[in-house]
Each structure stands twice: as C-alpha cells, then as structure tokens.
Amino acid sequence: MDVYGLLGNPVGHSLSPPMHEAAYAALDMDARYVTFEPDASDGAAAVEAAETLGIAGLNVTIPFKEDVLDAVEPDDLARRVGAVNTVDFSGDVPTGHNTDVAGVQRAFERFDVPLAGADAVIVGAGGAARAAAVALVTAGADVAVANRTVERARALAADVGADAFGLDALPDLLVGADVLVNATSVGMEEDVSPVPADALHADLAVLDAVYSPLETRLLREAAEAGATTIDGAWMLLYQGVVAFERWTGSDAPVDAMNAALREGL
Ligand code: NAP
C-alpha cells in the first residue's frame with residue numbers, strides 16, 4: 001500500500017484527505033492519504049522522517065511551506081514562489097514542487113480563460129498571491145499586484161516581474177483588465193469584498209482564492225457585473241490534481257476529486 005500525507009499544523013480541517021482518497025477509490029488504488037502535524041520547528045525533520053518511512057508523497061501546508069525548501073531539491077517554480085506544497089520521493093533525493101501555480105493555471109483553463117497576453121490584476125501579496133503571480137507571469141500575462149501594504153506588493157512584483165500598486169489603484173487597473181485574482185483573505189470572515197463593485201465588468205474572469213465561503217461577496221458582485229467567476233475550490237482542486245499526477249504518473253479522476261472536495265466544503 002502507498003501512503004501519501006499532508007504535513008501542516010493545524011491539519012484537522014484539511015480537505016486534502018477526502019479529495020485524494022476519492023481519487024484512490026475511483027481508480028481502485030491500494031493507497032491511503034493521512035495527515036501529519038509536527039511542531040512548527042520540525043518541518044525539515046518531518047520530510048526526512050517521511051523519506052525514511054517510505055512515504056510515497058507529501059503535501060505541505062502552513063507553517064512548513066517555506067522551511068521545507070531546505071529539505072528538498074526544489075524545482076524552478078517552487079524556487080520562484082519561495083514555497084513548496086508537494087514533495088516527491090520517487091527520485092534519488094526528495095524533490096519540492098509548488099502545484100498552487102499549476103492549480104491557478106488549470107482553474108482558468110477549466111473555464112476557457114486564456115492567460116497568454118491577458119492583462120491581469122492580483123489583489124494581495126502573501127503566499128497565495130505569490131503563487132498566482134508566478135502562475136500568471138509564467139503563462140504570459142501582464143501582471144499588476146495591488147496590496148494593502150504597498151511595500152509587500154513591491155517586493156512580490158520585483159521578484160516575479162510585475163507592477164506594484166496600493167488598493168486605491170484597483171478601479172483604474174481594472175478598466176482594461178481581463179483577469180482578476182483575489183489572493184487576500186478578505187471575504188472569509190465577513191461578507192466584504194477587497195474590490196469596489198463598480199470596478200467589475202463583463203469582460204473580466206475573476207478567481208477568488210477564498211474557498212470558505214465558496215460564494216464570496218466579490219464573486220457575487222462579479223457575477224452581477226456579468227463576469228466569469230471561478231471559486232477558490234477550483235484552485236484547491238487543481239493543486240491536488242497536479243500533485244496526484246506528479247506522484248502517480250496517471251491522469252487524476254478530476255470529477256471524483258471535485259465531488260469529494262465540494263462535499264466537504
Ligand atoms: P497571507 O500570506 O497571510 O496573505 C494575506 C493577504 O491578505 C495579504 O496580502 C494581506 O495584505 C491581505 N489582507 C488581509 N487582510 C486584509 C484586509 N482587511 N484588507 C486588505 N487586505 C488584507 O495569506 P495567504 O496564505 O496568501 O492566503 C490568502 C487567502 O488565500 C486565504 O483566504 C487562503 O485561504 C486562500 N488560499 C486559497 C488557496 C486555494 O487553493 N484556493 C490556496 C492558498 C491560499 P497585507 O500584506 O497588507 O497584510
């Protein structure tokens with residue numbers, strides 16, 4: 001039996017176990033997906049222990065995504081994001097990957113939104129914004145990063161080759177934009193949006209990284225403006241799909257994984 005797992009703290013409410021186990025069931029695989037919750041300082045040691053124990057693959061979440069970089073050989077995307085969310089033990093040394101990047105790209109692809117040549121705006125400059133920025137720049141979009149703390153937007157933009165703004169620039173930035181990503185946590189705790197409703201329009205495709213609730217105020221207002229809306233579960237789904245495909249070399253049963261994920265939300 002192959003054992004896969006999630007390294008995080010806390011991991012109690014993660015939807016990765018049901019999502020991956022739904023894939024194993026759909027493909028009749030002899031595999032399990034379990035959670036590991038070491039102390040916050042033990043991320044690198046946990047990766048070494050997982051290798052020793054013969055764990056087949058690990059997902060990595062907060063607070064270990066950055067620390068684990070030192071315990072693996074990161075690929076180019078993980079290095080560019082500065083964070084690892086997937087570890088592959090199939091080679092001579094554990095390799096580190098960031099499937100949040102492909103998760104963002106595949107979510108847009110699912111909705112037939114072209115990214116090459118698109119004018120894209122990312123709100124936020126934390127971990128999710130970093131993955132989204134690398135995803136959009138790599139796919140050939142022209143990216144503007146707008147963040148409450150402008151210094152953080154500048155640092156991210158300089159790292160990935162984007163432009164940096166404060167949140168007050170959003171109405172102007174969105175006038176000719178094709179793609180908008182909310183990568184802040186705004187909309188999770190309260191029914192508020194980080195983007196003024198009157199800046200939204202029908203030519204936009206809007207991805208909200210927030211997945212709880214699924215229908216955020218931003219997505220509601222974007223739909224009212226006639227925009228294409230993509231909820232955060234699509235990004236979450238596809239980072240898992242891409243991790244599954246890396247570990248197994250097989251196509252993932254996307255519908256089964258999507259159903260398990262949405263049932264858990
Ligand atoms: P993070 O690193 O802590 O970054 C938080 C971001 O939100 C920062 O840009 C911060 O701005 C901004 N922010 C927080 N409160 C704000 C407010 N009241 N007004 C304006 N901006 C505010 O968090 P993260 O890991 O990037 O996660 C961000 C969101 O993405 C979370 O909701 C998380 O659940 C979600 N996420 C989803 C997926 C997925 O697969 N769907 C994956 C990863 C994360 P400052 O820099 O000014 O503080």
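Start by selecting Gly43: leaving aside neighbours within four places in sequence, it is in contact (heavy atoms within 4.5 Å) with Leu7, Phe64 and Val68. This is a predicted model, so local features need pLDDT of at least 70, side-chain atom pairs count only at pLDDT 80 or more, and totals for chains, interfaces and linings use all residues. Residues are numbered from 1 along each chain as its sequence is written, and side-chain values use heavy atoms, with hydrogens and water left out.

Stay on Gly43 for a moment. Gly43 is found in helix α2 (residues 43-53); helices (H or I, at least four residues) and strands (E, at least two) are DSSP runs, numbered from the N terminus. Is Gly43 buried or exposed? At 1% relative accessibility, Gly43 counts as buried, where buried means under 20% relative accessible area, exposed over 50% and partly exposed in between (1.4 Å probe, protein chains only). Now draw a line from Gly43 to Val60: they are 17 residues apart in sequence, and C-alpha to C-alpha they sit 8.9 Å apart in space.

Next, bring up the sheet. Its six strands form an open sheet in the order β9-β8-β7-β10-β11-β12, with parallel pairing; two strands pair if DSSP finds at least two bridges between them. β9 (163-165) and β12 (228-230) stand at the edges with a single partner strand each, so one side of each has no neighbour in the sheet. Zoom in on β7 (residues 119-123) and β8 (residues 142-146), which pair in the parallel sense over five bridges. There, Val123 stands opposite Ala146 in β8.

Last stop: the largest nonpolar core, with 57 residues. Such a core is a set of buried Ala, Val, Leu, Ile, Met, Phe, Trp, Tyr and Cys residues joined through side-chain atoms within 4.5 Å. Those with the most contacts inside it are Phe108, Ile122, Leu136, Val179, Val181 and Leu237. Colour helix α9 (residues 232-248) too, as it gives the most to this core, with 10 residues.
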